[in-house]
Amino acid sequence: MSYYYQRLSNRWQKLSFFEQMANIGSEVERAINWRGKDNDLFPESDPPAGGPTLVGDEAISINARSAIQSGTQNPDRKVVGFLYSREAAERALELLFLTIADLKNASRLKELTRLYEVLVDYFFGQNQYSSSDSLWQKYFYAFNYAARINVR
Amino acid sequence: MAEQMFGSLVKAVVDVKKGIMAVDGELHSDEEALLLGKGSQQKDLWGINIYPKIKNDDWIEFDSMINLRPSLQNLSRGVDNLDIRRKIRKIVNKLIEK
């Protein structure tokens with residue numbers, strides 16, 4: 001897994017717990033949104049001819065990354081949505097990792113480590129805990145609301 | 001910039017009154033703080049994500065934790081007011097050459 005928030009680790013601890021969770025929630029929301037856009041990102045495009053056979057998540061990811069980075073005009077619409085969703089989910093886990101490592105959250109470790117496990121299960125596993133998009137949206141919305149309630 | 005930072009996207013905060021935009025922050029709140037320090041008003045600032053490789057309207061994503069403002073009746077991470085959305089699109093299209 002690559003690291004997206006390379007400069008953030010030292011500053012992350014200065015954010016409130018609510019702000020930390022709200023930022024994680026933003027990435028989760030993006031992961032959900034891009035997954036839902038699989039079928040309408042490039043409505044006029046066809047999947048590229050040739051290329052790797054799409055077998056399993058990793059092959060899809062590699063194919064999407066290649067299509068985007070090479071500037072292909074008509075990347076496979078499904079794999080682009082998949083890649084953007086996957087990147088957002090990776091960023092969410094990276095921020096959650098920093099949150100778990102933040103000493104001020106020591107009393108919340110049980111919830112945070114469970115959260116990590118269930119997020120991984122939802123975005124990278126078989127969803128054995130039966131999470132849903134709306135469950136995650138409701139869960140993180142509360143933190144976002146709390147983080148911004150005094151903003152005018 | 002997108003590939004250096006987050007793979008596919010660039011985070012940005014737009015000041016819809018001044019017509020300016022802060023980019024290249026790791027968090028929207030960093031860019032918000034930068035613009036506030038430059039004299040922007042918080043009510044004018046909106047967080048977006050820019051996907052340079054996307055060819056259609058989805059290249060601008062209205063989604064940021066800074067957008068949720070109960071006091072301004074914006075109760076989502078998106079931008080609920082369509083006029084503000086249009087202003088944001090206009091500013092971004094003016095500032096970024098596709």
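A residue is called buried when its relative accessible area is under 20%. The views below are taken from a predicted model.

**View 1. Arg148(A), a buried residue of helix H6 of chain A.** Arg148(A) lies in helix H6 of chain A. Because its relative accessible area is 6%, Arg148(A) counts as buried. Apart from its neighbours within four places in sequence, Arg148(A) is in contact with Glu32(B), Gln42(B), Met65(B), Ile66(B), Leu68(B), Arg69(B) and Pro70(B).

**View 2. The contact between chain A and chain B, with 38 residues from chain A and 34 residues from chain B.** The size of an interface is often given as the accessible area lost when the parts come together. Here, chain A and chain B bury about 3200 Å² between them. Carbon and sulfur atoms account for 48% of this buried area.

**View 3. A salt bridge between Arg11(A) and Asp30(B).** The closest N and O atoms of Arg11(A) and Asp30(B) are 3.0 Å apart. Across the interface of chain A and chain B, seven salt bridges are found. Between chain A and chain B, 13 residue pairs are in polar contact, both residues of each pair being at pLDDT 80 or more.

**View 4. The helices on the side of chain A that touches chain B.** At least two residues of this side come from each of helix H1 (9–12), helix H2 (17–36), helix H3 (56–69), helix H4 (77–101) and helix H6 (133–148) of chain A. The greatest contribution is that of H2(A), which supplies nine residues. By residue class, the side of chain A that touches chain B comprises 19 nonpolar, seven polar and twelve charged residues.

**View 5. Strand E3 (residues 45–50) of chain B, a mostly covered strand.** Six of the six residues of E3(B) are buried. On one side of the strand, the buried residues are Leu45(B), Gly47(B) and Asn49(B).

**View 6. The pairing of E3(B) with strand E1 (residues 10–15) of chain B.** E1(B) and E3(B) pair in the antiparallel sense over six bridges.

**View 7. The pairing of E3(B) with strand E4 (residues 60–61) of chain B.** E3(B) and E4(B) run antiparallel and are joined by two bridges. Ile50(B) has Ile60(B), in E4(B), as its bridge partner.

Technical notes: Residues are numbered from 1 along each chain as its sequence is written. Chains are lettered from A and ligands numbered from 1 in the order in which they are written. This is a predicted model: local features need pLDDT of at least 70, side-chain atom pairs count only at pLDDT 80 or more; totals for chains, interfaces and linings use all residues. Side-chain values use heavy atoms; hydrogens and water are left out. Contact means heavy atoms within 4.5 Å. Buried area is the accessible area (1.4 Å probe) that two parts lose on being put together, summed over both. A salt bridge is a side-chain nitrogen of Lys or Arg within 4 Å of a carboxyl oxygen of Asp or Glu. A polar contact is a pair of N or O atoms within 3.5 Å; within protein, one must be able to donate a hydrogen and the other to accept it, and residues adjacent in sequence count only if both atoms are side-chain atoms. Helices (H or I, at least four residues) and strands (E, at least two) are DSSP runs, numbered from the N terminus. Ala, Val, Leu, Ile, Met, Phe, Trp, Tyr, Cys and Pro count as nonpolar, Asp, Glu, Lys and Arg as charged, and the others, Gly among them, as polar. Buried means under 20% relative accessible area, exposed over 50%, partly exposed in between (1.4 Å probe, protein chains only). Two strands pair if DSSP finds at least two bridges between them.
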